[in-house]
Amino acid sequence: MHVDAIASENYLSDGEGTVTVIAHEAQHIGDFGKHPFRSTLETLSADILYAGRVASKAAFPKLPAVGPRYEYDPFEKRAYAREADLIVAQHAQDILFPQSARTRRLLVSRQLTLTTLQILDLDAYDKMASDYVKPKNGFTRLFS
Amino acid sequence: MFHTPAVLMLTTCNNAVIYYNKPTMQFGSYEKPDGWSVGQPEVLVAQETIHGLGMPHVDYDSLTDLVKQIADGHVSTIKIHSIPDKERKFG
């Protein structure tokens, strides 16, 4: 399974980034594992129809392309549906890059724990951690 | 507006060849984040990606759960890389 990290972490930073792409591709692999014949037929038909779309666009560049888009194939539809699954959202922090836009968003929205920040070498932002407890000063300690 | 049949055939073949023979991406070397144990999907990260985004933190236990739920644990290796901007196509 191949994942383009720059695209998935930056352009899909509103979602779950790399994990979104992993879930998408894992759905394809799971489909092939459960229904190999049906998946092969679906993939082949989608390839042929998409090749027709590309050919029609090449032949008549000024006309709209004839044929379905690749993402309208049921094989792809299932994978896109999996991307929006709640399971994927629960695993959003399985892979975290320290310098990605998505990690920055998680940091600002206080979704990372202190331990995760330490692992990512982002200790300087410990006050942004979800489990950060502000140390009490002497005055508040007196009345607590 | 309309091409001659020969040009039409050539452009069609050319596009089909490009579509079916996508340029193979060459990546120098991969590194494995810490924490992997036998039975879990391996995560390999290309050097170029580490230079760009840093070495990722991978929660292997949670990732294994995800892969088991979606693909019945058929995923063995996840290669994370980044396509150079020159080769990137949008739309």
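Guide: Buried means under 20% relative accessible area, exposed over 50%, and partly exposed in between, using a 1.4 Å probe and protein chains only. You are looking at a predicted model, where local features need pLDDT of at least 70, side-chain atom pairs count only at pLDDT 80 or more, and totals for chains, interfaces and linings use all residues. Residues are numbered from 1 along each chain as written, chains are lettered from A and ligands numbered from 1 in written order, and side-chain values use heavy atoms, without hydrogens and water.

Visitor: Thanks! Which ipTM does the predictor give the complex?

Guide: Chain B averages a pLDDT (the predictor's confidence per residue, 0 to 100) of 75, and 60% of its residues score at least 70. For the complex, the predictor gives a pTM of 0.77 and an ipTM of 0.80.

Visitor: What pattern does chain A follow along the sequence?

Guide: Helices (H or I, at least four residues) and strands (E, at least two) are DSSP runs, numbered from the N terminus. In chain A they amount to eight helices and two strands. Read along the sequence, chain A runs β-α-α-α-α-α-β-α-α-α.

Visitor: And what is the pattern of chain B?

Guide: Chain B has three helices and four strands. Taken in sequence order, they give α-β-β-α-β-α-β.

Visitor: What radius of gyration does chain A have?

Guide: The C-alpha atoms of chain A fill a box of roughly 80 × 40 × 25 Å along the principal axes. The radius is taken over C-alpha atoms, and the globule rule is 2.2 Å times the number of residues to the power 0.38. A compact globule of 144 residues would come out near 15 Å, but chain A has 23 Å.

Visitor: What share of the residues in chain B is buried?

Guide: In chain A, buried residues make up 39% of the 144 residues. In chain B, with its 91 residues, the buried share is 33%.

Visitor: How much of the surface of chain B do carbon and sulfur atoms supply?

Guide: Accessible areas come from the Shrake-Rupley method with a 1.4 Å probe, and for residues only the protein chains shown count as cover. Chain A has about 8400 Å², of which carbon and sulfur atoms hold 60%. Chain B exposes about 5900 Å², and there carbon and sulfur atoms supply 57%.

Visitor: Is Asp31(A) buried or exposed?

Guide: Asp31(A) sits in helix H2 (residues 18-34) of chain A. Contact means heavy atoms within 4.5 Å, and beyond four places in sequence Asp31(A) touches Pro36(A), Ser39(A), Phe75(A) and Arg78(A). With a relative accessible area of 5%, Asp31(A) is therefore buried.

Visitor: How far is the C-alpha atom of Tyr72(A) from that of Ala46(A)?

Guide: Tyr72(A) belongs to the loop between helix H3 (36-59) and helix H4 (74-83) of chain A. Its relative accessible area is 52%, so Tyr72(A) is exposed. Tyr72(A) and Ala46(A) are 26 residues apart along the chain, and their C-alpha atoms are separated by 8.8 Å.

Visitor: What is phi of Arg110(A)?

Guide: Arg110(A) lies in the loop between helix H6 (101-108) and helix H7 (114-119) of chain A. Its relative accessible area is 47%, so Arg110(A) is partly exposed. Arg110(A) is a residue other than glycine, yet its phi is positive, near 55 degrees.

Visitor: And which phi does Asp121(A) have?

Guide: Asp121(A) is placed in the loop between H7 and helix H8 (138-142) of chain A. At 66% relative accessibility, Asp121(A) counts as exposed. Although Asp121(A) is not a glycine, its phi is positive, about 60 degrees.

Visitor: Last one: is Pro135(A) buried or exposed?

Guide: Pro135(A) lies in the loop between H7 and H8 of chain A. The C-alpha atoms of Pro135(A) and Thr113(A), 22 residues apart along the chain, are separated by 17 Å. Relative accessibility settles your question: at 62%, Pro135(A) is exposed.
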